[in-house]
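Me: I'd like to go through this fold with you and ask what lies behind the labels. Could you set each value against its cut-off as we go?

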Amino acid sequence: DFLSSLEGHVPQMKVVRGDLETAEVKVYLRNYGGSPTTALFDVDGFLTPSPPTYLTAGDIDRIAILERNAAIMRYGPQGAAGVIVINTKARTEMDDMGVIRSYDNRAFADSLKKAVASLEPYHPLESSYIIELHEAGSGKEAMDIYERQKAYYLQDPYFFLHVYDYFCSRWRNTKESQLLFKDVKSHMPDSVPELKALAYQLQGNGRYVSALELYIQILMKKSWDGQTLRDLANAYVEAGDIKKAWMYYRQYIDIQNQMPDTRFEAYDADILITTDMMGILDLYEEPFLNNQDMELSLSEDMRTRLVFEWNKPEAEFELQFVTPEGFYDTWACHAGNGGSPDPEIAKGYCSKQFFLGRENLGFWQVNMDYKGNGSDLPTYMKVTVYRNFGLDSQSLEVRVYSLSEMHTKMQLLTLQQN
């Protein structure tokens with residue numbers, strides 16, 4: 001295939017082929033950071049960590065090799081090991097016909113311009129008990145209704161989650177809402193999905209210390225996997241304890257690198273943690289960070305950051321990102337369907353980050369096609385929108401969604417990229 005010819009022309013490039021049974025092929029441009037990481041491929045704008053061995057030399061019009069800084073500037077941290085950009089002859093023919101193509105940013109593959117159907121904005125399903133609560137004229141009256149209702153729903157943790165969300169959105173940080181939280185927490189089962197859903201709600205309402213307590217409780221139940229450690233470290237950041245957050249990030253890295261069958265994949269499966277740490281280094285000037293260093297730093301195309309997290313590993317859904325110009329691309333989570341080609345999901349993360357590059361300013365839309373989680377219980381999704389990520393002017397907004405109806409397409413959020 002073309003990789004063998006390319007290997008002979010690119011210094012330090014290495015192609016490693018597996019046995020006949022696996023037929024796995026890995027391509028390395030350089031050994032950055034002491035541990036080899038495979039190169040990323042951009043084939044006509046579609047990003048993939050897998051070499052496109054299906055292409056022949058006759059299919060290819062142009063090839064460009066982007067290393068280190070050039071790759072990072074365009075593709076962010078995922079380009080840290082270098083990017084091999086391939087333009088096929090089929091793509092060139094489309095260009096000659098006047099088909100408009102646009103590289104939206106390094107996190108989204110470019111796509112053909114298409115009309116996107118207008119979807120209804122997200123609206124949570126309202127159970128009969130929430131409809132009854134809406135009739136309350138005061139927080140005290142709502143509490144009286146809740147006390148009467150809960151006798152029928154003592155074994156249903158989602159009743160308590162839904163009611164708490166209602167109180168926070170309707171009555172905000174009132175005395176009733178604060179009292180309700182203690183009661184809701186006491187009725188939560190000792191299971192990770194429900195505890196995480198409640199933590200999401202707390203973060204969405206700015207109650208970061210209470211959310212931190214729940215993430216500590218979750219850590220006691222789970223092994224020190226990347227998602228659990230990242231949740232806890234991020235909660236410490238939100239609660240203002242940067243030193244402890246950094247400690248947990250470093251502990252996870254050390255544990256991964258000391259175990260015989262795993263390693264910390266800084267610019268692959270563990271990219272979310274790497275980005276979090278780069279943001280801390282850029283934003284905070286704590287003395288303990290003076291001797292800390294990372295191979296990379298944030299680029300200007302990484303200032304608008306969207307982090308999607310969900311409480312059930314079985315959840316399946318598809319996200320659609322629509323640019324101001326009407327271009328769009330999708331990302332799908334198939335974790336509940338026997339595995340995912342996405343390295344983060346394959347490693348057990350229930351999260352994914354995206355960046356809106358500086359070259360697409362204007363009104364963005366994010367849609368979702370929710371496909372379910374294999375049960376009748378809802379999936380809770382938290383979306384954190386960072387603006388000016390890593391700068392002194394950084395701000396964040398947390399939105400929480402309760403997803404119940406399978407095969408439901410909706411407009412999840414919109415935002416203005418300035």
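Reply: Gladly. One cut-off to begin with: a residue is called buried when its relative accessible area is under 20%, and exposed when that area is over 50%. Please keep in mind that the model is predicted.

Me: Then why is L415 called buried?

Reply: L415 has a relative accessible area of 4%, and buried means under 20%, so L415 is buried. This leucine lies in strand β14, residues 408-417.

Me: What does L415 touch, leaving out residues up to four places away in sequence?

Reply: Its contacts are T304, L306, L356, G362, F363, W364, V385 and R387. For one of them, G362, there is also a C-alpha to C-alpha distance: L415 and G362 are 8.3 Å apart in space and 53 residues apart in sequence.

Me: And across the whole protein, how much is buried?

Reply: Of its 418 residues, 51% count as buried. The protein has 13 helices and 14 strands. Among contacts with a separation of 6 or more, 65% come from residues 24 or more positions apart.

Me: What makes F308 and F321 an edge-to-face pair?

Reply: Two values decide that. The ring centres are 6.1 Å apart, and rings pair if their centres lie within 6.5 Å. The planes stand at 90°, and planes over 60 degrees apart count as edge-to-face. Both conditions hold, so F308 and F321 form an edge-to-face pair.

Me: What does that pair tie together?

Reply: F308 lies in strand β7 (residues 305-310) and F321 in strand β8 (residues 316-322), so the pair ties together parts 13 residues apart in sequence. F308 is buried at a relative accessible area of 0%, and F321 is buried at 2%. Both also belong to one aromatic cluster, formed by F308, W310, F317, F321, W331 and F354. In all, the structure holds 20 aromatic pairs.

Me: How do you know that Y386 and F389 are edge-to-face as well?

Reply: By the same test: the centres are 5.3 Å apart and the planes 65° apart, while the cut-offs are within 6.5 Å and over 60 degrees. Y386 counts as buried at 5% relative accessibility, as does F389 at 4%.

Me: What makes the phi of N388 worth a remark?

Reply: Most residues other than glycine have a negative phi. For N388, phi is near 55°, a positive value in a residue other than glycine. Q12 is another case, with phi near 70°. Q12 sits in the loop between α1 (2-7) and β1 (14-17).

Me: Is Q12 buried or exposed?

Reply: Q12 has a relative accessible area of 55%, and exposed means over 50%, so Q12 is exposed.

Me: Which residues touch the most other members of the largest nonpolar core?

Reply: V163, F167 and L198 do, in a core of 70 residues. Helix α6 (residues 157-171) gives the most to this core, with ten residues. Beyond its neighbours within four places in sequence, F167 is in contact with G139, A142, M143, Y146, R172, E176, S177 and L180. A second, separate core has 27 residues, including Y122, A315, F321 and W331.

Me: How do helices α11 and α12 pack?

Reply: Helix α11 (residues 242-258) and helix α12 (residues 271-283) pack at an angle of about 145°, with axes 11 Å apart. α11 passes α12 in a left-handed crossing. On the α11 side the contact is made by I242, W246, Y249, R250, Y252 and I253, and on the α12 side by I273, D276, M277, I280 and L281.

Me: What makes up this contact in terms of residue classes?

Reply: The contact of α11 with α12 divides into nine nonpolar, no polar and two charged residues. Arg and Asp count as charged, so R250 and D276 are the charged residues there.

Methods
Residues numbered from 1 in each chain as written. Predicted model: local features only at pLDDT ≥ 70, side-chain atom pairs only at ≥ 80, totals over all residues. Heavy atoms only, no water. Axes fitted to C-alpha atoms, helices over the stretch in contact; angles between N-to-C directions. Helix = DSSP H or I, 4+ residues; strand = E, 2+ residues; numbered from the N terminus. Left-handed = near helix turned anticlockwise from the far one by under 90°. Contact = heavy atoms within 4.5 Å. Core = buried A, V, L, I, M, F, W, Y, C linked by side-chain atoms within 4.5 Å. Buried < 20%, exposed > 50% of the residue type's maximum accessible area, 1.4 Å probe, protein only. Phe/Tyr/Trp six-rings, centres within 6.5 Å; stacked < 30°, edge-to-face > 60°.
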